[in-house]
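Reader: I am new to this structure and would appreciate a guided look at it. Could we begin with the terms and then go through the details?

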Amino acid sequence: MIIGVPREIKNNEFRVGMTPAGVAEFVAHGHTVLVEHGAGEGSSFPDEDYAAAGARLVGRAAELFGEAELVVKVKEPQPSEMPLLRTGQVLFAFLHLAPDRSQTERLVRSGAVCIAYETVELPDGRLPLLAPMSEVAGRMSAQVGAALLQRPNGGRGVLMGGVPGVPPANVLILGAGSVGCNAAYVARGMGANVSVMDVDLDRLRQLDRFWGNTVHTLHSNRHDLERQVSEADLVIGAVLVAGARTPVLVTRKMVAAMKPRAVVVDVSVDQGGCVETSRPTSHDEPSFLAEDVLHYAVTNMPGAVPYTSTLALTHATLRHALALADRGWRQAVQEDPALARGVNVLDGQITHRTVADAHGMDF
Ligand code: NAD
């Protein structure tokens, strides 16, 4: 099969869909891999390494999309890439369709088979291709929050760990999944006073077993949330209902009741966000003020640490991408129910229930 790895063109996206090690694996399986010139540069993988691994380097995205039967990339196709997709071509990437109607409609019209990393789901509900990026974004969210809390960056001037005699920052994490646990891991390491809220008591039990009472676990409900948000210096939004738009848990009124210049890092913004006042931002202009609270809502946080992120992502995607190439997408999804859950668009139809529901479209 011919596999294409384009250069990512989304704002400040420096990751790449395949490393030279991945290319070598595909080549060993008898496939041809086309890599766009400079695709790995942002992640510190030079063209020469791809060539040495057996890739054919191509100059233009149009050429790559034109030849490839399977396109492996990181982020959703950007407007200039949309017309390059064609019927029957397989697209394997992060898509996040639930909050993005225009992309959904364009992918439906393209006729391509669109398999979304974020909805590949194991029978127990775990999301193996989202998890590595959630680990990165979660750990980053505490770092970013700590930086934004500094006065010169617009925050209220609170040091995460405090100092002897001065209390640490109150960090409230909404969601105890991959993002939430990793955010807690770093925030706790910085010495902050960390609380994690979730509706899933088993997740909270796991946290409690792991960290004992050094992290407070709280059941997520409107009443308690309101109080916790008002006391927080930093709120990290890490909620997910797989495939669906994120439920808005923190209303504008709750944000308005926060301490002046407190910080919100809404990691879940890529699925719509769990804070009413957040809106998607980019690494160019990552933060903004709303209700006198500093918001950070970058949709591709891991793009800022591309070396780490590319390795983490491709370690998780490679096995599935190889299955798609080796067996063809139909057989690969028949044999692997987790991968089948990743198919969002097929034959001009939405094939993931939560995505269809989000847009009121046929399933
Ligand atoms: P996850 O499924 O591991 O965890 C989500 C958690 O949210 C679960 O524990 C679930 O029980 C909890 N939850 C659901 N409804 C809730 C509610 N009403 N109150 C409290 N908790 C609730 O998901 P994850 O991998 O941690 O991802 C979280 C979000 O971060 C997703 O939207 C994901 O797309 C996003 N994400 C964003 C970036 C970025 O760059 N901005 C990067 C990675 C992941």
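Author: Helices (H or I, at least four residues) and strands (E, at least two) are DSSP runs, numbered from the N terminus. The model is predicted, so local features need pLDDT of at least 70 and side-chain atom pairs count only at pLDDT 80 or more, while totals for chains, interfaces and linings use all residues. Residues are numbered from 1 along each chain as its sequence is written, and side-chain values use heavy atoms, with hydrogens and water left out.

Reader: Thank you. Where is Asp292 found?

Author: Asp292 sits in the loop that runs between strand 12 (287-290) and strand 13 (293-296). Its phi is positive, about 60°, although Asp292 is not a glycine.

Reader: Is Asp292 buried or exposed, or in between?

Author: Asp292 counts as partly exposed, at 37% relative accessibility. Here buried means under 20% relative accessible area, exposed means over 50%, and partly exposed is in between (1.4 Å probe, protein chains only).

Reader: What is the phi of Asn12?

Author: Asn12 has a positive phi of about 55°, and it is not a glycine. Asn12 belongs to the loop between strand 1 (2-5) and helix 1 (20-28). With a relative accessible area of 22%, Asn12 is partly exposed.

Reader: Let us turn to the ligand. Which residues come nearest to the ligand?

Author: Ser134, Val179, Asp198, Asp270 and Met301 come nearest, out of the 28 residues around the ligand. A residue is near a molecule or strand if one of its heavy atoms lies within 4 Å of it.

Reader: How many nonpolar, polar and charged residues does that shell have?

Author: The shell around the ligand has 14 nonpolar, ten polar and four charged residues. In this scheme Ala, Val, Leu, Ile, Met, Phe, Trp, Tyr, Cys and Pro count as nonpolar, Asp, Glu, Lys and Arg as charged, and the others, Gly among them, as polar.

Reader: Which polar atoms lie by the oxygen atoms of the ligand?

Author: A polar backbone atom of Ser178 is 3.0 Å from an oxygen atom of the ligand. For Leu240, a backbone N or O atom lies 3.2 Å from a ligand oxygen. For Arg203, an N or O atom in the side chain is 3.4 Å from an oxygen atom of the ligand. A polar contact is a pair of N or O atoms within 3.5 Å; within protein, one must be able to donate a hydrogen and the other to accept it, and residues adjacent in sequence count only if both atoms are side-chain atoms.

Reader: And how much of the ligand's accessible area does the protein cover?

Author: The protein covers 91% of the 870 Å² of accessible area that the ligand has on its own. Accessible areas come from the Shrake-Rupley method with a 1.4 Å probe, and for residues only the protein chains shown count as cover.

Reader: Which elements give two or more residues to the shell?

Author: They are helix 5 (131-148) and helix 6 (178-189). Helix 5 gives the most, with three residues.

Reader: You mentioned Arg203. With which residue does Arg203 form a salt bridge?

Author: Arg203 forms a salt bridge with Asp200, and their closest N and O atoms are 3.9 Å apart. A salt bridge is a side-chain nitrogen of Lys or Arg within 4 Å of a carboxyl oxygen of Asp or Glu. Arg203 is partly exposed at 34% relative accessibility, and Asp200 is partly exposed with a relative accessible area of 32%.

Reader: How many salt bridges does a search of the whole structure find?

Author: The search finds 17 salt bridges. Among them is the one in which the side chains of Asp202 and Arg205 meet (2.8 Å, N to O).

Reader: How far apart are Asp202 and Arg205 in helix 7?

Author: About one helical turn separates Asp202 and Arg205, because they are three residues apart in helix 7 (residues 201-211).

Reader: What about Arg327?

Author: Arg327 forms a salt bridge with Glu335, with the closest N and O atoms 2.5 Å apart. Elsewhere, salt bridges that share partners join Glu8, Lys73 and Glu81 into one network.

Reader: Lastly, how far apart are Val248 and Arg60?

Author: Val248 and Arg60 are 188 residues apart in sequence and 41 Å apart in space, C-alpha to C-alpha. Val248 is in the loop between strand 10 (234-237) and helix 9 (252-256).
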